[in-house]
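Morning, everyone. I have one structure to go through today, so let me put it on the screen.

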Amino acid sequence: MYQLRAGDYGLAIGELPRGSRGKITDVPGVTVGHCTVDTLEHKTGVTVVLPCPDNPFTHKLPAAAFVLNGFGKTLGLVQVEELGTLETPIALTNTLNVGLVHDALVEYMVRRCEAEGVELRSVNPVVCECNDGGMNLIQERTVGKEEVFAAFACAAPDFDEGDVGAGKGMVCHGLKGGVGSASRTLDIDGTRYTLGSLVLANHGRMADLTVCGKNIGAELEQTKAARESDIGSCIVILATDLPLDSRQLGRVAKRASVGLARLGSFIGQGSGEVFLAFSTANSFDSRKKAATRQVTAFHEDKLDIAFRAAAECTEEAILNCLLTAHTVTGQDGKTVYALTDLWKPEP
């Protein structure tokens, strides 16, 4: 089903051109899959981001994380920060399902490595979370191995956004939140690169919501009840094929904060903002034991375009999440409205 997104409504975010899909999967090799749990009591799920077609345990990718506000329970960032590499797919889910999803991700990697004849004694799964307890009976922890493997089974370059997968029970700026994505193309010295984002948006106050520089939340707040605090968290995953090292990726990841701010979030005390960036360039086969390897280095003075792309992609991904989500009634009977049910940008 085709989903109307920012570009379809003529909403211009920034100045860089979008990729062909306008999603993180415009970065070659990246795929995304969802599994959604949608019952009367459970509005939740899991989303997986596969960073490359190869086994990421043997073909490690440069990566970095930045925690803007640490009110969160993400697993795996310590080793990413220490070694500067990503060695598993990334999973997103709700707060109390992190452990079960982590276990399932370990099982996925064990099976994959066994099938490929790769010895695996330790692995560092990355599992990110936001709390959907307002709409989901979160204590029952309904996301486990079956759901994670189902998300892997349907992972593809094209994927739905909005209230799907890990985003089913999320609330963003007092409206139905969830999963959103965006991309930008970067022409540098005659070569075209791509930077894309995927967000799990569960943050912000309605009164602060700002679209293309115009505050629309204050008017919306007069029509529907909204939470008063900026709470709930936002996960941002950035992918690129620019040849950036871990330190540079960390600098790029920080710029996701600009996208949140442009939409009106001031990063409240109760909101956890966790950003993870990886590059598909300069992967290396960890089975090779040579003491040195060749890499392509990116000029530090040219990073501004990547910073801009990260900011624009994050802002647009969150907006796409809001535009594609549907009105949902949660486990306690509370209804959270979709942005497009209250505000109609003209296509």
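I'll start with Asp 189, which counts as exposed because its relative accessibility is 75%, and the cut-off for exposed is over 50%. Keep in mind that this is a predicted model. Asp 189 sits in the loop that links strand E9 (178-188) to strand E10 (191-201). Its phi is near 50°, a positive value in a residue other than glycine. Most residues other than glycine have a negative phi.

Where else does a residue other than glycine have a positive phi? Asn 282 does, with phi near 60°. Asn 282 is also placed in a loop, between strand E14 (273-279) and strand E15 (284-285).

Now the chain as a whole. Eight helices and 17 strands make up its secondary structure elements. The radius of gyration is 19 Å, close to the 20 Å from the globule rule for 347 residues, so the chain is as compact as a globular protein of that length. The C-alpha trace spans about 65 × 45 × 35 Å along its principal axes.

Of the 347 residues, 58% count as buried. Taking contacts between residues at least 6 apart in sequence, 79% join residues at least 24 apart. The accessible surface is about 14,100 Å², with 49% of that belonging to carbon and sulfur atoms.

Last, the second largest pocket, which holds about 290 Å³ of space. It is lined by 18 residues, and the closest to its centre are Tyr 2, Gln 3, Arg 5, Arg 21 and Lys 23. By class, that lining has nine charged, five polar and four nonpolar residues.

Key: Residues numbered from 1 in each chain as written. Predicted model: local features only at pLDDT ≥ 70, side-chain atom pairs only at ≥ 80, totals over all residues. Heavy atoms only, no water. 1 Å grid on protein atoms, 1.4 Å probe; cavity = no way out; pocket = protein on both sides within 12 Å on 5 of 7 lines; lining within 4 Å. Points joined across faces, edges and corners; volume = space filled by probe spheres on them. Nonpolar A, V, L, I, M, F, W, Y, C, P; charged D, E, K, R; others polar. Helix = DSSP H or I, 4+ residues; strand = E, 2+ residues; numbered from the N terminus. Rg over C-alpha atoms; globule rule 2.2 N^0.38 Å. Buried < 20%, exposed > 50% of the residue type's maximum accessible area, 1.4 Å probe, protein only. Contact = heavy atoms within 4.5 Å. Areas by Shrake-Rupley, 256 points an atom, 1.4 Å probe, with all protein chains shown as cover.
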